[in-house]
Amino acid sequence: MEKGIRLLLWMGICWMALSFLACGEGRHADAFLQADSLNRQAYEVRYKDWHLSEKLAQEALEVGKGYSSIGAEALNNLAFCAFIRMDFERADSLLQEVYRETANELECLVADVGMMKICQRTAMNKEFYDYRNSALRRMKRIGEDEEAMKDADILRRFHYACSEFSIVSSVYYYYL
């Protein structure tokens, strides 16, 4: 009888622990989805209302703590807003944080392109080419990843980075 009670008690403790962990996972998944949604909204309004874009990206950064790719995307969005305000030092700082935050090639590619824009505006010619070459290598690696190219969100972000890369390169060479 005592063994049966112990077994029931042990099963009850295990069930409660699993329930607690499952609830925690749900909260984490909700935070991830909310931060991802905020990042998308920040991206969508960046040319229309960069104040709102910055607010949404900051909120995504706070909600998505612990998710390096979500945080890196939020940092890239914040850097874009700083660049628009011509606060190149802050934009540079945010983009450098992207490199420290994640190993996600796509977010690092977006950061490379952002750094190219800053280098172009601040006449840092050698650094422009360093970031440009880094972006080219990343574009090649990402383009070779067939599985990643099947994901619509990744593909959309990749096309954004490639088109920005082309625009920044064209403007740089035009002024050169």
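I began with the secondary structure of this predicted model, and I noted seven helices and zero strands in the chain. Read along the sequence, I wrote the pattern down as α-α-α-α-α-α-α.

Of its 176 residues, buried ones make up 40%, and of the contacts between residues at least 6 apart in sequence, 61% join residues at least 24 apart.

Next I turned to helix α2, which runs over residues 50-63 and has 14 residues. From first C-alpha to last I find that α2 reaches 20 Å, close to the 20 Å expected at 1.5 Å a residue. I listed its buried residues as Ser 53, Glu 54, Leu 56, Ala 57, Ala 60 and Leu 61. Seen down the axis of α2, these buried residues fall within an arc of 165°, so I record them as lining one face of the helix. I recalled that an α-helix has 3.6 residues a turn, so residues three or four places apart point the same way. On the face of α2 turned away from the buried side I found the exposed residues His 51 and Lys 55.

Last, I went to the largest pocket, for which I have a volume of about 390 Å³. Of the 19 residues that line this pocket, Glu 73, Asn 104, Leu 106, Glu 107 and Ile 154 are the closest to its centre. I see at least two lining residues from each of α1 (2-44), α3 (68-84), α5 (105-121), α6 (125-144) and α7 (152-175), and α7 gives the most, with four residues.

Note on methods. Residues numbered from 1 in each chain as written. Predicted model: local features only at pLDDT ≥ 70, side-chain atom pairs only at ≥ 80, totals over all residues. Heavy atoms only, no water. Expected span 1.5 Å × (residues − 1). Buried < 20%, exposed > 50% of the residue type's maximum accessible area, 1.4 Å probe, protein only. Arc of directions from axis to C-beta. 1 Å grid on protein atoms, 1.4 Å probe; cavity = no way out; pocket = protein on both sides within 12 Å on 5 of 7 lines; lining within 4 Å. Points joined across faces, edges and corners; volume = space filled by probe spheres on them. Contact = heavy atoms within 4.5 Å.
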